[in-house]
Amino acid sequence: MLSSAQTPRFLLLHSRFPHKLLHFQTPKSLHTFQTQAQILSPSPPTSQILTIRESLLSRSTTAVELASNYLHHLRRTEPHLNSFLHISDTVLKEAEEIDRKIQNNEEVGPLAGVLVGVKDNICTVDMPSTAGSRALENYRPPFDATAVRKLRECGAIVVGKTNLDEFGMGSTTEGSAYQVTANPWDLSRVPGGSSGGSAAAVSARQCIVSLGSDTGGSVRQPASFCGVVGLKPTYGRVSRYGLVAYASSLDVIGCFGSSVADTGILLNVISGHDRHDATSSKREVPNFTFQSISPDSIESKPLRGLRVGIIRETLQEGVDSEVISSIRDAASHLEELGCSLTEVSLPSFSLGLPAYYILATSESSSNLSRYDGVRYGNQAVADVLNSLYGDSRAKGLGSEVKMRILMGTYALSAGYYDAYYKRAQKVRTLVQKSFKTALDENDILISPAAPSAAYKIGEKKSDPLAMYAGDIMTVNINLAGLPALVLPCGLVQGGSAGLPVGIQMIGAAFDEEKLLKVGHIFEQTLQGCCFVPPLVADGFAC
Amino acid sequence: MALTFFRGIQTHPFFIYPSAFVARKYGVLYCTMSSTQTQSATKENQQQPQSRISTQTQSKTSLDKVFKDYEAIIGIETHVQLSTLTKAFCGCPYSYGSQPNTTVCPTCMGLPGALPVLNSKVIEHAVRVGLALNCKLSFNSKFDRKQYFYPDLPKGYQISQFDVPIASGGYLDVDLPVEFGGGHRRFGITRVHMEEDAGKLLHTGNGSYSQVDLNRAGVPLLEIVSEPDMRTGIEAAEYAAELQRLVRYLGVSNGNMQEGSLRCDVNVSVRPIGQLEFGTKVEIKNLNSFSSVNRAIDFEISRQVLLHNQGQSNQIVQETRLWEEGAQKTVPMRKKEGLSDYRYFPEPDLPEVTLSNKYVDGIRRSLPELPEMKRRRYETMGLSIQDVLFLANDMNVADFFDATIGNGADVKLAANWIMGDVAAYMKNEKLLITEIKLSPEELGELIASIKGGTISGKIGKEILFELMAKGGTVEGLIKEKDLVQIVDPLEIEKMVDKVLAENPKQLEQYRGGKTKLQGFFAGQVMKESKGKANPVLLNKILSEKLNVKS
Amino acid sequence: MGSRALLLLRGITIRADHGISFSLQRSSFGKDFIGKRRRVRNYSIRSGLEPPDVLRLAETARISLTPDEVEEFAPKIQKVVDWFGQLQAVDLQSIEPAIRADTEGDNLRDDLPETFENGQAMIAAVPSYEEPYIKVPKVLNKE
């Protein structure tokens, strides 16, 4: 945990610009990215969390000021983005409380004054938690998810609940029963999913960091589409208590930030064993915050000795050529930093996708049985019990969710278990084994996070297999339960300023520390890119 | 139910038609079967003397012949509600009779985002029961989800164990009651597994709606499945009674059928003797007492045998029937559902349950002496089987008995006192043996005092009553009430003389031939002695005096 | 973009003529069926699994579907289920199934009572509540 004594002055020194907090001005028009880039002379992102802490403790700003600025910007951008399903009405009150404590020289937590967005499938006791579904419209949980509780205990302010594909099922937020979130890089494109709202909110600087969930790539793919950092922790690293379950053996809560450092700080706060989650690990949580490095340090080959494996199956036909070249450039950058790069083959890679969908639909068909309108949520009017169930569920659940429940029901039916579910579990074993072998021989593995950059809203809706195919890069990691970090590594054609592409770094179980260190070094030494979407590019210091 | 009547100090007699039950033998029941409308009427008319117990010697009606050609195959599925302080997967406390929907939390209510965490005590109890049932334990078992929709099942699935139960392949030794032929049976146990209970569903009388109380949702259960080894209703009922005894001995459950902490469903099929194939199995539910278990099975056996005999065995379908206590018959459940597909799959929210040898050995060492062992031990002490069954039925009674004889008291006498006066007192006062004020030590003392001649048996009974009601010591009471038996012949002689002198009329009558009056004189002497005269001595001296004076 | 992604799936054998084969399956199973199947695909391990009956599945899953929905969902579900079928072609004989990623065993709870402090909120969220019970339409068959 960060102590108030820690002041990252070295960060300030290495910023090209005098370090100031983000000011939001009304954009007169959207400049092209190239122009912006020339104006801004991009520099690597710095930790907003540490900056805020520094500013608050040095009294150079107040939490209320900070929160007001963000809220103002949020409200201005929301009509374009629709990242949020609910915005908290106690933000300023909470900020006042923090200011009061600071005034009185009381101890404040490491996230004091930090505005956090929380995906709406994570329970918050003071705000609705709909999971993007009409079945839970206006549902208010009687408890905070453990991850949310921990955030709040550290002084974070939950600014609102972000949009998602219903129950986490989907890759675009088009599956939300309420609204579609737009990608801040191009409002006609999807932000990715299912944690699209959380990714867009951080990308558009509506909040500083956010929580999402990742069952088959739902943090990593939107991170890639929105040009932000997304971290999927090891299964068991973060408690699932309070996460509305989609697929219990695959779900994790993950983090979004505009820098690897912020993502690490957030992970630090929410990690740890929870007695309410029997699958949460008792392993000690290392400190995921670390010394920052200088962008110039590339000369010193800070990653010398790191063995990096690039996954062959992720760079084949079916992946955008521009994406492939971004990843290869990123790989070269890693080599420049001293890594040794080899190509790695994971033979069971392609089987992972159908295996994932068998397991996910099966488990979700079971996890969603509880949405029957009897004890909470929307209830249909009915005289007969089966109609009550049938109609409540018919009205409350969206098409994609219904279909997945039906598929899962099929796969678990008597006589089919061996053919589908059990076989999928065996494939899971294969996938775990192949990753283990690959990670014995390599420190980290890399791949794209998605086969393309963000596509247009409406493009993929009709064909389920087309939608599912996009998850090929991410699902195997969920099957294996491994941690993965996605950070922006390049831009491809599209939109007014290009579209971001993220590189996925995969580590061994519980080795988030290594991923964050490598990611941070990569990020800080990457030249020529500033991953701030044009929507917010004005008046920004990177 | 006679079983519980004779044994039951702790158990409550559930039976409704005691005399009919005791009288029931195959022959009687089947006669009533042939006229189902007048079933209850004929039952009352066919009381038979209690003494005949044997199932072999009965009147050879043609029906009896028919039934002899068939054998029944019976299996029982028992659910035992564990007496843990909290539920299986959450920390909610559970107590029977709480205000509805007050002992609930997000986990047992199936709220979004809630997760189960296993109560370690549940594993401990499961292992205890598994060991007590002589099972093989599964050192690595897991939980599975059993999926179906019902209002008392909040998550839409029950967390249970499907293909890897925690214990399997055991047996239970049972002694059949003496009044039903006695004998020893060993019934196989197929499996024991852990699962959670559902809530309660109540149906309003008039109404268009039902009511759900989720207090009980998530309470831990052990499901115990027997091999289909029973052949008669009695065997099945006794198996169930023994399970109840066992779980009470082990302290894992209070085993109360009325509270629902012990529930039995039975499976019955019949086949012609000699046939290898099993007949169609019928499940019977709604059995709320051991006597219902017995009667329902007997009824169902008859129903099926009769159908077979009439060439209509195809009318026996695999179904679930309900036992109707009022009508004393099984009826089909209203809706015939196809075989349910529970879509089992391993519970992803719970890790595997792993046992270590050390853990299991620890539990094995802590097991109390089980009913079967106790019965065998009591038998070797020379007690009759009737005494054995009585004493071993309730662990507290057995402990009391063991404590009493542990102080050196005579085994047979201790048994008699406990089964006689003590039991009667408890029944009258509606007390448990742990609640009476008599201590085992004092009972032992009482027995010794009588045996040693300090007090008479009659005085002993009086002291006993006082000890049970108010406590105290034998010695103390003897002193306090001056109860020491008079064994001095001279003193007795004095009293005899006095009585005879005071009753000249009766004396003359006696002399005249009414020898029965000796009892009268004896009574008077006893009264004179305030009950302290040694009866044997009294009668001896009295006889002498009476006969001398003639 | 979509079609490109689909190309990825080529590496995973998908047969184009599933629709036909499955409608044949609807009528017969077992030995007499093997001949027909061999024409179309050779998932040797599969033994005549019935194709998804969307209406029956919806009933099992307690979701009331409109006829339009049935019509819309059936081909999509069929397609996905067929795609699932490619797992049949893989030899998984000697592989143990994995329930989840490796977790350390034994996250148990002590048998100590804890009252959930926000019980009121839970009850308040019940749509049909008639103190002290949760109300549901009359249940006809007792389980």
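## Chain interfaces and local features

In this predicted model, the side chains of A:Lys402 and C:Glu69 form a salt bridge, with nitrogen and oxygen 2.7 Å apart; the term stands for a side-chain nitrogen of Lys or Arg within 4 Å of a carboxyl oxygen of Asp or Glu. Residues are numbered from 1 along each chain as its sequence is written, while chains are lettered from A in the order in which they are written. Because the model is predicted, local features need pLDDT of at least 70 and side-chain atom pairs count only at pLDDT 80 or more, whereas totals for chains, interfaces and linings use all residues, and side-chain values use heavy atoms, with hydrogens and water left out.

The table sets out the two interfaces; contact there means heavy atoms within 4.5 Å, and buried area is the accessible area (1.4 Å probe) that two parts lose on being put together, summed over both.

| Interface | Residues in contact | Buried area | Carbon and sulfur share | Salt bridges |
|---|---|---|---|---|
| Chain A and chain C | 83 residues of chain A, 66 residues of chain C | about 6500 Å² | 66% | two salt bridges |
| Chain C and chain B | 34 residues of chain C, 54 residues of chain B | about 3800 Å² | 59% | zero salt bridges |

Between chain A and chain C there are 23 residue pairs in polar contact, both residues being at pLDDT 80 or more; such a contact is a pair of N or O atoms within 3.5 Å, where within protein one must be able to donate a hydrogen and the other to accept it, and residues adjacent in sequence count only if both atoms are side-chain atoms. On the side of chain A that touches chain C, two or more residues come from each of α11 (352-367), α12, α13 (399-412), α14 (418-441) and α15 (464-469), and α14(A) gives the largest share with twelve residues. Helices (H or I, at least four residues) and strands (E, at least two) are DSSP runs, numbered from the N terminus.

For chain C and chain B, the corresponding count is 19 residue pairs in polar contact, both at pLDDT 80 or more. The side of chain C that touches chain B takes at least two residues from each of α6 (119-124), β1 (129-130) and β2 (133-137) of chain C, with β2(C) giving the most, five residues.

The strand β2(C) also pairs with strand β9 (residues 209-213) of chain B, antiparallel and over four bridges, where pairing requires that DSSP finds at least two bridges between the strands. Within this pair, B:Val212 has C:Ile134 as its bridge partner. B:Ser168 of β6(B) is the bridge partner of B:Lys136, and B:Ser168 in turn has B:Arg191 in β7(B) as bridge partner.

Returning to chain A, A:Ser392 is found in helix α12 (residues 385-396) and counts as buried because its relative accessibility is 5%, buried meaning under 20% relative accessible area (1.4 Å probe, protein chains only). A polar atom of the A:Ser392 side chain lies 2.6 Å from the backbone oxygen of A:Leu388. Helix α9 (residues 260-270) of chain A is mostly covered, with eleven of its eleven residues buried, and just after α9(A), A:Gly272 takes a positive phi of about 130°.

Key:
Buried means under 20% relative accessible area, exposed over 50%, partly exposed in between (1.4 Å probe, protein chains only).
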